[in-house]
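Please view the sequence and the structure first.

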Amino acid sequence: IAAQDVRNKWYVFDGPVDAVWIENMNTVLDDNKKLCLMSGEIISMSDSMNLVFEPMDLEVASPATVSRCGMVYMEPHMLGWEPLFESWMTKLPTMFSGPQKDAIRHRFRRYVPPLLDLVNSKEYQHLSFAGNINLVNSCMDMYLALMDEFRDEKKSSEYTQQQIAQWLEGTFLFSLVWSLGGTSNTPSRAKFDHVLRLLVENKLDEETMAKYTILAKPIPPESPCQVPFP
């Protein structure tokens with residue numbers, strides 16, 4: 001706050017809105033940009049300081065607070081899973097090079113869109129549907145957990161590039177099955193299995209896509225699947 005430089009500074013509040021502290025922010029959000037503390041101290045914001053609020057809802061925020069902020073509401077389905085995926089890519093083990101990251105990105109873009117169409121179709125039923133973003137997030141979390149083997153650079157250096165590629169492909173398919181397909185009931189598991197196998201073999205035909213309302217046409221594979229798929 002005391003910095004005198006003219007570079008723009010952004011302060012992000014991404015927690016839930018609390019009825020007490022959000023009201024104390026009203027003076028900051030006014031044109032005079034002054035924070036009045038309970039002790040009587042007043043802290044002025046500089047012209048280069050900006051506040052961004054990213055709450056889940058505004059249930060306890062008063063109209064006075066809401067009117068002071070410019071609001072941008074994004075429905076989760078409009079945001080999609082891609083921004084979350086790009087953020088997740090930065091968490092990968094540092095030993096992964098460009099080609100390995102490109103292969104991971106290609107697999108997600110090839111498999112996830114058509115399978116999300118499948119699990120959202122009327123022909124598909126769930127025990128408990130978690131939503132598209134949560135399903136993809138579960139896939140990424142599981143996939144990342146299975147990559148711990150590569151965080152030890154000394155141990156991972158024992159693997160060849162082909163072994164690493166096969167490991168990444170096999171663990172991706174495992175994560176995909178137990179995340180996007182994990183909420184299915186028994187009949188729908190057979191449908192998920194059928195469509196996934198067609199994707200793995202690059203044989204997903206238009207008839208199957210029409211049957212399950214799969215609108216996202218899968219991009220071609222970079223290479224045939226290198227791991228056994230039981």
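Axes here are lines fitted to C-alpha atoms, for helices over the stretch in contact, and angles run from 0 to 180 degrees between N-to-C directions. Helices (H or I, at least four residues) are DSSP runs numbered from the N terminus, as are strands (E, at least two). α6 covers residues 98-119 and α10 covers 186-200.

The model is predicted: local features need pLDDT of at least 70, side-chain atom pairs count only at pLDDT 80 or more, and totals for chains, interfaces and linings use all residues. Residues are numbered from 1 along each chain as its sequence is written, and side-chain values use heavy atoms, with hydrogens and water left out.

On the α6 side, R110, Y111, P114, L115, L118 and V119 are in contact (heavy atoms within 4.5 Å) with α10. Their partners in α10 are K191, F192, V195, L196, L199 and V200. By class, this contact has 10 nonpolar, no polar and 2 charged residues. Ala, Val, Leu, Ile, Met, Phe, Trp, Tyr, Cys and Pro count as nonpolar, Asp, Glu, Lys and Arg as charged, and the others, Gly among them, as polar.

## P114 in α6

P114 is found in helix α6. P114 has a relative accessible area of 1% and is therefore buried (under 20% relative accessible area; exposed is over 50% and partly exposed in between, with a 1.4 Å probe and protein chains only).

Leaving aside residues up to four places away in sequence, P114 touches L199, I214, A216 and P218. P114 and I214 are 100 residues apart along the chain, yet their C-alpha atoms are separated by 5.7 Å.

## Helix α9 and its neighbours

α9 has 17 residues and reaches 25 Å from its first C-alpha to its last. That is close to the 24 Å expected at 1.5 Å a residue, where the expected span is 1.5 Å times one less than the number of residues. The buried residues of α9 are I164, L168, E169, T171, F172, L173, S175 and L176. These buried residues pack against α6, α7 and α10.

The axes of α9 and α10 come within 12 Å and cross at roughly 155°. This angle makes α9 roughly antiparallel to α10. Their crossing is right-handed. L173, L176 and V177 in α9 meet F192, L196 and V200 in α10. The residues of that contact divide into 6 nonpolar, no polar and no charged.

## α7 against α9

Helix α7 (residues 132-145) packs on helix α9 (residues 161-177) at an angle of about 140°, with axes 9 Å apart. α7 and α9 are therefore oblique to each other. The crossing of α7 and α9 is right-handed. C139, M142 and Y143 in α7 meet L168, T171, F172, F174, S175 and L176 in α9. In this contact of α7 with α9, 7 residues are nonpolar, 2 are polar and none is charged.

## Loop and surface residues

S121 lies in the loop between α6 and α7. Is S121 buried or exposed? S121 is buried, with a relative accessible area of 7%. Not counting residues up to four places away in sequence, S121 touches Y212 and T213.

T213 is in the segment after α11. T213 has a positive phi of about 55° although it is not a glycine, and T213 is partly exposed at a relative accessible area of 46%. N202, in the loop between α10 and α11 (206-211), also has a positive phi, near 60°, in a residue other than glycine. N202 is partly exposed, with a relative accessible area of 47%.

K154 lies in helix α8 (residues 153-156) and counts as exposed, at 70% relative accessibility. K154 and Y111 are 43 residues apart in sequence and 32 Å apart in space, C-alpha to C-alpha.

How values were computed:
Angles under 35 degrees count as roughly parallel, over 145 as roughly antiparallel, 65 to 115 as roughly perpendicular and the rest as oblique. A crossing is left-handed if the near helix is turned anticlockwise from the far one by less than a right angle, and right-handed if clockwise.
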